[in-house]
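Here is a friendly walk through a two-chain model, written for someone who likes to know the cut-offs. Please have a look at the sequence and coordinates before reading on.

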Amino acid sequence: MKTLNRRETLKSLLLAPLAGGIIASTGCATSTGAAARMNWTALPDSYSYGRTAVEMQTDAELMQESYFREHELLTIAVLCDIILPSDHANGGALDAGLPDFVEFIVKDRTNFKLPIRGGIAWLDVYAIEHFGADFINITEAQRLTVCDRIAYPDVTDAQLQAGISFFALMRNLTLTGYYTTAAGFKDLGYQGNTPNVWDGVPAAVLQRHGVAYEAEWLAKCVDQSRRDIPAQWDDDMKLIS
Amino acid sequence: MAQQQYDIIIVGSGAGGGMATYQLANAGLKVALVEAGAYYDPAADTQRTQLRYPWESPRRGASTRLRPFGDFNACIGGWELDGEPFTNKGDTDFRWWRARMLGGRTNHWGRISLRFGPLDFQRKDIDGLGENWPIGYDDVKPYYDKVDKLIGVFGSNEGLYNDPDGFFLPAPKPRLHELFYINGARKLNVPVIPARKSILTKRINNERGVCFYCGQCSRACSIHADFSSTTALIYPALRGGQIDLYTNSMVREVTTNAEGKATGVAFINKETRQEQHLQGRIVVLAASACSSARILLNSKSPQHENGLGNSSGHVGRYLHDSTGASRAAFLPDLMNRDMYNEDGVEGMHVYTPWWLDNKNLDFPRGYHLEIGGGMGMPAYGFGFAVNQYNEFLGERVGGYGNALRDDVRKFYGARLSIACRGESVPQYDNYCELDPTVVDEWGIPVLRFNYHWTEHEIKQARHMQDFMEELLEASGGILLGTKPGADQDYGLTKPGEIIHEVGTTRMGMDARSSVTNEYGQLHDADNVFVVDAGTFVSQADKNPTWTIMALSWRTCDYIVDQIKQQNL
């Protein structure tokens with residue numbers, strides 16, 4: 001099985017049947033998927049964020065490790081794209097490099113390896129049984145039909161439970177991978193992780209939620225206009241500066 | 001090379017060791033500071049994790065074996081260390097967090113800085129359990145005062161007898177979910193006051209910065225606006241001069257002479273794997289309660305057959321940790337929040353100190369409540385079970401597509417959680433000892449733990465669970481998860497899990513039932529001192545760090561005085 005080259009800025013895998021795909025031996029003679037090719041933004045090969053030598057070594061080894069087959073990575077890409085599609089102003093899962101993130105996190109958190117591999121195999125068996133081809137080689141409409149059946153935990157059909165668990169895991173990883181990128185921050189509207197001066201909840205927000213600061217409490221709080229004046233106390237422990 | 005003779009050898013660079021280094025070096029003594037981990041500077045770009053975005057990590061802040069609290073957490077160490085095992089006897093399930101870095105566990109703690117109160121030093125007088133301290137609040141108060149001013153702590157003077165006032169910096173204003181908690185607590189007549197944390201909301205000197213509210217104390221502050229032993233004590237002490245810093249140096253034992261007095265320490269240089277010796281007049285142990293006990297137990301000699309300081313057999317005994325339990329709720333009032341920067345300081349801005357009288361309860365000791373929630377920075381785990389709260393709204397859980405984006409925003413920050421931290425009753429039968437058969441990679445015998453909670457802690461946890469439910473619901477919350485019952489000890493944390501382990505070298509006036517005197521000085525060897533939480537007779541319903549530093553300072557004053565009097 002071909003291993004994947006990590007040295008591209010835009011990953012591109014052909015959404016076409018692989019000869020002798022992992023499960024399907026028949027029924028994948030034609031690629032009927034809407035997209036002929038899966039493209040996604042590549043994530044970096046190395047990171048630098050205050051690591052010890054041991055951590056750098058561990059992460060380098062993880063980056064080198066090849067776990068997923070191309071078919072599996074393609075399936076992951078297709079699922080990520082369904083969960084958070086790119087037809088949105090802030091971009092979708094593929095724009096945020098989700099297949100690369102899922103690949104890394106599954107290698108890093110090894111208890112995900114089997115559920116993801118087995119889940120993909122389950123999905124292919126299900127797709128072949130109901131639509132005659134691997135999940136990535138059935139039509140887009142058929143793929144969404146499959147997802148409609150496994151995307152909700154209130155479905156009680158015993159035959160679908162393994163698929164429901166797998167889809168929930170893929171949804172978790174896709175969302176966490178997306179909302180921990182710059183695009184995700186923008187989509188959420190998160191405004192922190194930057195030096196600032198906290199001076200309480202904005203007045204309009206207090207009003208909207210029907211709460212208020214008590215004057216007695218505010219008297220104990222920092223006067224931010226005096227934050228740079230060195231602290232001094234009197235002998236009774238009262239701050240006087 | 002001629003062997004250097006030190007006045008003081010300090011083992012461990014956390015809260016107790018950092019304070020001892022600062023005080024003793026500034027007193028003009030020649031100090032060796034010996035740390036098992038590496039040098040650390042949170043401002044160095046090669047080590048900095050503060051203000052990093054999640055996408056700077058390939059795992060987006062998820063935990064690793066080396067950083068169990070997430071891979072942006074400053075603390076290098078964890079529950080399990082390569083080559084340094086510990087063991088549990090029988091069905092004991094003790095957890096032991098060890099840091100391996102300059103500053104030790106002060107690099108990741110919650111900065112919650114609570115003085116013990118007058119009652120906390122005399123619990124036996126109140127409930128007949130455990131033992132009283134040989135000292136009282138009045139003995140420690142001057143040192144709490146000095147620690148407040150030297151280190152900096154925000155809070156408020158409330159006039160609460162057992163939660164004493166201090167020299168506080170002003171508190172940060174509550175966040176939105178905290179206002180909901182305040183309202184809930186008021187309904188139940190439960191007190192709620194500003195948190196007390198060693199974070200500089202106001203300038204205290206020209207060396208350390210003022211908090212810029214990134215909410216990331218646990219990543220260590222590059223402008224030194226929170227307390228860590230490195231940035232607030234060790235760096236300033238190093239600038240003063242007479243300190244030799246030995247990092248990656250794993251102390252095996254305190255060496256002693258024919259009179260039974262300490263002569264120095266033997267340690268393993270972890271880079272060369274060679275054993276080295278340091279000679280010193282006085283040895284100060286600050287390796288953490290259990291590590292200091294281990295060093296003492298491993299310091300066997302004809303004069304100290306059971307280990308140094310252990311003629312009483314009490315080294316390792318009375319090991320105890322804080323209790324803990326937690327619960328969370330969904331706050332429907334906070335759905336679809338307006339977005340603004342709510343990072344604030346790390347963790348809570350408000351808390352509830354212990355407010356009841358145990359005379360009216362079926363358990364003897366109290367606990368405090370820590371409040372969580374808010375619009376924190378997304379990291380690994382964000383977005384998991386994205387719309388699970390839909391079940392409370394009669395809407396469908398699950399799905400896919402762009403609708404999930406709306407769910408993410410709908411539920412972001414709509415959560416309130418409480419974590420309780422309580423006092424346990426120290427037990428003679430809860431202890432650490434040397435494992436007779438297991439050594440670490442340096443050949444040093446490791447610790448084996450024996451620890452079981454008693455009905456006191458289990459009943460306390462039941463009370464915690466009941467009260468957390470009441471408070472969360474009174475605050476407008478819908479309870480999440482299920483309440484743990486008797487079969488799970490009411491969600492009581494495992495011993496060691498709160499990382500407040502204390503008591504292994506407890507102080508006392510009677511050398512037959514304690515290891516040190518009130519100054520942390522070994523009864524059996526007067527030139528060996530313990531300045532970590534090992535000397536605690538009882539761990540109050542308060543976090544231990546402020547008391548560790550106050551007692552360490554008190555010990556240092558005593559050491560300097562005894563040197564002047566030529567008793568040491």
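The report below covers the basis of the model, the interface, and then some local details of chain B.

## Basis of the model

This is a predicted model, in which local features need pLDDT of at least 70 and side-chain atom pairs count only at pLDDT 80 or more, while totals for chains, interfaces and linings use all residues. Residues are numbered from 1 along each chain as its sequence is written, chains are lettered from A and ligands numbered from 1 in the order in which they are written, and side-chain values use heavy atoms, with hydrogens and water left out.

## The interface between chains A and B

Let us start where the chains meet. On the chain A side 89 residues are in contact with 96 residues of chain B, contact meaning heavy atoms within 4.5 Å. The size of an interface is often given as the accessible area lost when the parts come together. Here the buried area is about 7,800 Å², and carbon and sulfur atoms give 59% of it; the term stands for the accessible area (1.4 Å probe) that two parts lose on being put together, summed over both. Within chain A, the residues that lose the most area to chain B are W198(A), W217(A) and M237(A), together 11% of what that side buries.

Polar interactions cross the interface too. There are 54 residue pairs in polar contact between the two chains, both partners at pLDDT 80 or more. A polar contact is a pair of N or O atoms within 3.5 Å; within protein, one must be able to donate a hydrogen and the other to accept it, and residues adjacent in sequence count only if both atoms are side-chain atoms. The rule also finds eleven salt bridges across the interface, each a side-chain nitrogen of Lys or Arg within 4 Å of a carboxyl oxygen of Asp or Glu. One of them joins R208(A) to D338(B), with the closest N and O atoms 3.0 Å apart.

Next, two residues in the loop between β17 (478-479) and β18 (528-530) of chain B: D489(B) and I499(B). Strands are DSSP runs (E, at least two residues), numbered from the N terminus. Neither residue is a glycine, yet phi is positive, about 50° for D489(B) and about 65° for I499(B).

Is each one buried or exposed? D489(B) is partly exposed, at a relative accessible area of 31%, whereas I499(B) counts as buried at 13%. Buried means under 20% relative accessible area, exposed over 50%, and partly exposed in between (1.4 Å probe, protein chains only).

## Around N269(B)

N269(B) is found in strand β9 (residues 262-269) of chain B and counts as buried, at 15% relative accessibility. Leaving aside neighbours within four places in sequence, N269(B) is in contact with N248(B), Q274(B) and Q276(B). N248(B) is 21 residues away in sequence, but the C-alpha atoms of N269(B) and N248(B) are 6.2 Å apart. The side chain of N269(B) also reaches the backbone nitrogen of E271(B) at 2.8 Å.

## A three-stranded sheet

Finally, an open sheet in chain B has three strands in the order β4-β16-β15, with mixed pairing. Its edge strands, β4 (87-88) and β15 (431-439), each pair on one side only. Two strands pair if DSSP finds at least two bridges between them. β15(B) and β16(B) (residues 445-450) pair in the antiparallel sense over five bridges, and C432(B) stands opposite F449(B) in β16(B).

Note on methods. Helices (H or I, at least four residues) and strands (E, at least two) are DSSP runs, numbered from the N terminus.
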